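Hi,

Here is the structure we talked about. Please have a look at it first, and then read on for what I found.

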2 protein chains.
Amino acid sequence: MIKITIQEVAEKYDLSKDTLRYYEKEGLVGPIEKNKSGSREYQEADLERIEFVKCMRSAGLSIAVLKKYMRLYDEGASTKEARLKLLEKERELLKEKIDYMEDAYKKLNYKIKLYKENKI
Amino acid sequence: MIKITIQEVAEKYDLSKDTLRYYEKEGLVGPIEKNKSGSREYQEADLERIEFVKCMRSAGLSIAVLKKYMRLYDEGASTKEARLKLLEKERELLKEKIDYMEDAYKKLNYKIKLYKENKI
DNA sequence: ATACTACTTATAGTGTACTCCAAGTCAAGT
DNA sequence: ACTTGACTTGGAGTACACTATAAGTAGTAT
């Protein structure tokens, strides 16, 4: 059973300690266990959750959505359907965003091409 | 020579009138011409710029970056190199973001698959 | 004992991008 | 003449996601 400090988690995932505590306060992760002196001790399961949250945040899922998902998760098996619905909805939104971004990427590419061909 | 009201532009591009005025204040578009009574009259060139700005904003380019690009643009031909550099940098950042989002999309897909196979 | 470092909490502050509001102007319709 | 509706401005307010600060504690090194 591993035990990792907040500092180590912050370095491992390139998140600030403040952000990790903020995520915990918002219920996106944890609650994280504390040792006798009150410091957080992250465990394997916590790290998995943090990795998931970081990945989803970097994709633009909001704190509110992740909070809701985690709340449902903590409520147990009866919320499976709701969680699935939530994930599918977010997947749709993400798909749309990716499409927009790829469109913008193509436009940027085209504009850069024009610049390079001295047409601007 | 077309002349379009702010209302029509807002509807056409699904941006609020406040946002259009905000973009103008920040120098992302315009300055837009006004008629005798002080109302904005958007013209073709304005619309093209708005479309570009909207597209780039939806891809996550910041107001600050677009402002800088437009400022360079207004400074004339001598800033071509700087503009190209800026666009190439933003293209790189955009590429990274798309990669992150596609990774998240795959993870979401996988998770949804697990849910549907009743493995969660 | 003292200094140093890393942690804790609660709360305040920041940056970004809008979004809303108040007060006023203008043109058209009744 | 008066109301209605859409516009104008400057400035205040909001939402989101952190980020920083202050005050304190706990463990380690000298």
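Chain A and chain B bury about 3400 Å² between them, and carbon and sulfur atoms give 74% of that area. Buried area here is the accessible area (1.4 Å probe) that two parts lose on being put together, summed over both. Met101(A), Leu108(A) and Tyr115(A) supply 21% of what chain A buries against chain B, more than any other three residues.

Before I go on, please keep in mind that this is a predicted model: local features need pLDDT of at least 70, side-chain atom pairs count only at pLDDT 80 or more, and totals for chains, interfaces and linings use all residues. Residues are numbered from 1 along each chain as its sequence is written, chains are lettered from A and ligands numbered from 1 in the order in which they are written, and side-chain values use heavy atoms, with hydrogens and water left out.

**The protein interface**

Each side brings its share to the contact: 32 residues from chain A and 32 residues from chain B, where contact means heavy atoms within 4.5 Å. Ten residue pairs are in polar contact across the interface of chain A and chain B, both residues being at pLDDT 80 or more. A polar contact is a pair of N or O atoms within 3.5 Å; within protein, one must be able to donate a hydrogen and the other to accept it, and residues adjacent in sequence count only if both atoms are side-chain atoms.

On the side of chain A that touches chain B, the elements giving two or more residues are α3 (44-58) and α5 (80-116) of chain A. Helices (H or I, at least four residues) and strands (E, at least two) are DSSP runs, numbered from the N terminus. The most comes from α5(A), with 24 residues. By class, this side of chain A has 17 nonpolar, three polar and twelve charged residues. For these classes, Ala, Val, Leu, Ile, Met, Phe, Trp, Tyr, Cys and Pro count as nonpolar, Asp, Glu, Lys and Arg as charged, and the others, Gly among them, as polar.

There are two salt bridges between chain A and chain B, a salt bridge being a side-chain nitrogen of Lys or Arg within 4 Å of a carboxyl oxygen of Asp or Glu. Glu88(A) and Lys116(B) form a salt bridge through their side chains, at 2.9 Å from N to O.

**How the two copies are related**

The same surface serves both copies, as 100% of the contact residues of chain A recur in chain B.

**DNA strand C**

Which residues come nearest to DNA strand C? Of the 17 around it, they are Gln7(A), Arg21(A), Arg40(A), Asp18(B) and Arg57(B); a residue is near a molecule or strand if one of its heavy atoms lies within 4 Å of it. Sugar and phosphate make up 80% of the atoms of DNA strand C that come within 4 Å of the protein. Phosphate oxygens of DNA strand C lie 2.4 Å from a side-chain N or O atom of Arg21(A), 2.8 Å from one of Arg57(B) and 3.0 Å from one of Lys17(A). α2(B) gives the most to this surface, with four residues.

**DNA strand D**

DNA strand D is surrounded by 16 residues, the closest being Ser37(A), Arg57(A), Gln7(B), Arg21(B) and Arg40(B). Of its atoms within 4 Å of the protein, 85% belong to sugar or phosphate and the rest to bases. A base nitrogen of DNA strand D is 3.1 Å from a polar side-chain atom of Asp18(A). Phosphate oxygens are reached by Arg57(A), at 2.8 Å, and by Lys34(B), at 3.0 Å. Here the largest share of the surface, four residues, comes from α2(A).

Best wishes
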